[in-house]
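Morning, everyone. Please bring up the sequence and the model, and keep both in view while I talk.

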Amino acid sequence: MSEDVTINIRDIQHYMYCPRRFALLEVNDDWAENAFVVKANLLHENVHSGERNF
């Protein structure tokens with residue numbers, strides 16, 4: 001018996017962003033937002049905004 005396995009593009013995107021975060025989100029179901037996560041998200045958005053504020 002053979003089952004087709006499908007993979008969400010969202011899952012691939014999460015894995016490419018950070019394999020550890022992907023595992024926490026999808027495998028362990030153990031992800032929680034905290035101050036470090038919020039700060040990292042803000043820094044990440046700043047990098048991609050194109051603005052150069054040093």
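Let's start with one pair. The side chains of Arg10 and Asp11 form a salt bridge, at 3.6 Å from N to O. By salt bridge I mean a side-chain nitrogen of Lys or Arg within 4 Å of a carboxyl oxygen of Asp or Glu.

Before going on, some ground rules. This is a predicted model, so local features need pLDDT of at least 70 and side-chain atom pairs count only at pLDDT 80 or more, while totals for chains, interfaces and linings use all residues. Residues are numbered from 1 along each chain as its sequence is written, and side-chain values use heavy atoms, with hydrogens and water left out.

Back to the pair. Are these two residues buried, exposed or partly exposed? Buried means under 20% relative accessible area, exposed means over 50%, and partly exposed is in between, with a 1.4 Å probe and protein chains only. Arg10 has a relative accessible area of 41%, so Arg10 is partly exposed. Asp11 has 17%, so Asp11 is buried.

Now, which other residue does Arg10 bridge to? Arg10 also forms a salt bridge with Glu26, and their closest N and O atoms are 3.3 Å apart. This pair links distant parts of the chain: Arg10 sits in helix H1, residues 9-17, Glu26 sits in helix H2, residues 19-27, and the two are 16 residues apart. Helices here are DSSP runs of H or I with at least four residues, strands are runs of E with at least two, and both are numbered from the N terminus. Glu26 is at 35% relative accessibility, so Glu26 counts as partly exposed. Shared partners join Arg10, Asp11 and Glu26 into one network of salt bridges. The count of salt bridges comes to two.

Next, the contacts. Contact means heavy atoms within 4.5 Å. Asp11 lies in H1. Leaving out residues up to four places away in sequence, Asp11 touches Phe22 and Glu26.

Phe22 lies in H2. At 19% relative accessibility, Phe22 counts as buried. Setting aside neighbours within four places in sequence, Phe22 is in contact with Asp11, His14, Tyr15 and Val27. The C-alpha atoms of Phe22 and Ile12 are 8.8 Å apart, and the two residues are ten apart along the chain.

How do H1 and H2 cross? Their axes come within 5 Å and cross at roughly 135°. That makes H1 oblique to H2. Axes are lines fitted to C-alpha atoms, for helices over the stretch in contact, and angles run from 0 to 180 degrees between N-to-C directions. Under 35 degrees counts as roughly parallel, over 145 as roughly antiparallel, 65 to 115 as roughly perpendicular, and the rest as oblique.

Who meets whom? Arg10, Asp11, His14, Tyr15 and Tyr17 in H1 meet Pro19, Arg21, Phe22, Leu25 and Glu26 in H2.

Last, step back to the whole chain. The protein chain has three helices and zero strands. From the N terminus on, its elements run α-α-α. Of its 54 residues, 9% count as buried. Asp11 at 17% and Phe22 at 19% both count as buried. That's my tour; questions, please.
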